[in-house]
Amino acid sequence: MKKRILLLLRFVLILATILMMTYSRRGLHLLSPGYLVALLYFISNIVFYFIPEHKFSRPVVTFAIFLIDIIAISLAIYLAQGMQTDFYLIYFLIIFIASVGQDLRGSIPIAVVASFLYGWLLMRTNPGTSIFDSAILIRIPFIFIVSIISSYWSTEIRRELSEKKELENFARRLEQEIAKMAADETDLKSYHDTVINSVASGVIAVSKDGTITTINPEAARVLGASQSSFMDKNIKDIEGLEQMWDKMREVIGSNTPSDRIQISIKNADDETIPIGLSVSPMSSTNATISGCVGILRDLSDIKALEAKLRHAERLSYLGKMASWVAHEIRNPLTAIDGFSQLLAKTRDQDKLKAFSTEIHRGTQRINHIIDDILTFARTKTHIKAVDIHLRGLITQLTENMGNVRIFISGDVDTLIKGEEESLKSLFNNLISNSVDAMDKDPKITIKFYKEDQWLITELADNGKGMSDETVQRLFTPFFTTKSRGTGLGLAIVKKIVDDHGGKLEIESEEGKGTTCRVYLPAVEE
Amino acid sequence: MKKRLLVCDDEEPIRLLLTESLQDIYDIVEASNGKDALSLALREHFDLVIMDIKMPQVHGLEAIERIREKDKRIPIIIISAYRPMEDDIVVKTSNVAAFITKPIDISALRAKIFELIGE
């Protein structure tokens, strides 16, 4: 029971007691013991006012207070000799007050004590009162009935109140939970938005029918318009994004992510932009495909850089090429020029013949250089392929190699598709590289064997080999480790192999030698 | 007695041309690479050396340096398909008497040799 209410009720009780005393036999005198008791009672009420609230909430405290109240009131009635009046009503009042806020366990003992005190008072003031007197037989059960009913109803009301309170609490907690969840969801959404908006790549998500559901600032920038102008639009309706939608439709259809591909789009300003695009399917919670998300990257800067680099490379090649041509041609030119001057002065028939031969060799060499340049410079070559017996051709090339020993073995019959002159140039280059790399006991082992659609020619030498660094730069035009190399040999080899649709493998170990494997397409039997 | 010339070039036609053009006046000894030229120059006496630069084994410039270590005064003429300063070819001018670029003008070469050592 609340302290405030308790004290108020006690106050009512005191007033009622004092009122009763006014009508008692002795009447109300300021100095009568009954009045003093009432006064003390009143003071105690004021003292209670200062006792902290939480102490009153304990049932034992209220119980004790009511116990004291009953005894005090009984004493006051006794001293006032008030049993002749309607004093007993005070008991009902106190029982009622005490029972409100107590359950039966609390109110019954108070009713018992009250009954005893009342019975004792009655016997005391009217000696000889029978236990069957109506004053006892009717009033005491009434005390209990009032106690039980009031405590029952008060318990009921309290229960209802607490249930209501609990319900209210529950509702409030529920509300708080819902508000928190809503806040969390907003947080999560804004977090995801921040992540997507911060990505340096363009992100664009579309639903199955092509409606744009998400687009981040980078994607909008690449596509050349504001984010909001894309939202909820259908990608099919946007001019210039046809290739993107084609890819997305494909991914949605197959439900498998795409590799990164390069496509071009037209932005809002009608500029064509190269972009890298990879698309992944998006699934909803029940695993059905709901759309797809594309990651796109603006490649225009990279493309421009590549073009610049290619241009610089081309210029650098051109410079190196010019220098190489100049050097290679000046030697035979010297011979041609010099011998033609000598021709005019010589009458010796043998010398005339020798000089003219030198002049012829010089022109041939220049012609050969021109062939090399053309082979190297051709961008795309359609070779006139015929059936060639490669083993025969290489056997011919390796005749008269001086002190270099040649061992040829393996497949005898297989023909390949190829162009004879190019193949001669290819193998001449490889063999002369081997010869240049070998010092003592030069030996080249050549093996032929078939694998899948290829005829493989393996050339192994016992030369000085190459470092990994050299191997990596082998096909770079004008890269050479030889003092008299042009740096074009292997570039030409590579070109010829490529033109034939073949493959080339080179393995080398420093100090041990180099092995080249040339894969050329075999003729189907 | 004819004066002796050492001609070093890895191109056989060039050696032949130089020999044919100069042997009426001088004794010509040929070397086909820098290594041979170096060992000849260190072993025998020559009045003049004609040397190509880009050669296998011992590079022409290296051979010239080595010859200079032994002989401070012998005139050396470089014949090259490169021009001086082209493709990083830096020649110490103090080391060489002349730098002649291919194709060689035979009469100019003869005149230069005559100017350097006479007949």
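Two strands count as paired if DSSP finds at least two bridges between them. With that in mind, chain B of this predicted model holds an open sheet of 5 strands, with parallel pairing and the order S2-S1-S3-S4-S5. Strands S2 (27-31) and S5 (98-101) of chain B sit at the edges with a single partner strand each, so one side of each has no neighbour in the sheet. On average, neighbouring strands in this sheet are turned by 20° against each other, direction ignored.

To zoom in on one pairing, take S3 (residues 48-52) and S4 (residues 76-80) of chain B, which pair in the parallel sense over 4 bridges.

Now for the place where the two chains meet. The size of an interface is often given as the accessible area lost when the parts come together. Between chain A and chain B, about 2000 Å² is buried, and carbon and sulfur atoms give 52% of that area. In terms of residues, 20 from chain A are in contact with 24 from chain B.

Charges and polar groups show up here too. There are 3 salt bridges between chain A and chain B, and Lys351(A) forms a salt bridge with Glu20(B), with the closest N and O atoms 3.0 Å apart. The count of residue pairs in polar contact between the chains, both at pLDDT 80 or more, is 4. On the chain A side, helices H12 (300-345) and H13 (349-377) are the elements that give two or more residues, and H12(A) gives the most, with 12 residues. The residues on this side of chain A split into 5 nonpolar, 8 polar and 7 charged.

Technical notes. Residues are numbered from 1 along each chain as its sequence is written. Chains are lettered from A and ligands numbered from 1 in the order in which they are written. This is a predicted model: local features need pLDDT of at least 70, side-chain atom pairs count only at pLDDT 80 or more; totals for chains, interfaces and linings use all residues. Side-chain values use heavy atoms; hydrogens and water are left out. Axes are lines fitted to C-alpha atoms, for helices over the stretch in contact, and angles run from 0 to 180 degrees between N-to-C directions. Contact means heavy atoms within 4.5 Å. Buried area is the accessible area (1.4 Å probe) that two parts lose on being put together, summed over both. A salt bridge is a side-chain nitrogen of Lys or Arg within 4 Å of a carboxyl oxygen of Asp or Glu. A polar contact is a pair of N or O atoms within 3.5 Å; within protein, one must be able to donate a hydrogen and the other to accept it, and residues adjacent in sequence count only if both atoms are side-chain atoms. Ala, Val, Leu, Ile, Met, Phe, Trp, Tyr, Cys and Pro count as nonpolar, Asp, Glu, Lys and Arg as charged, and the others, Gly among them, as polar.
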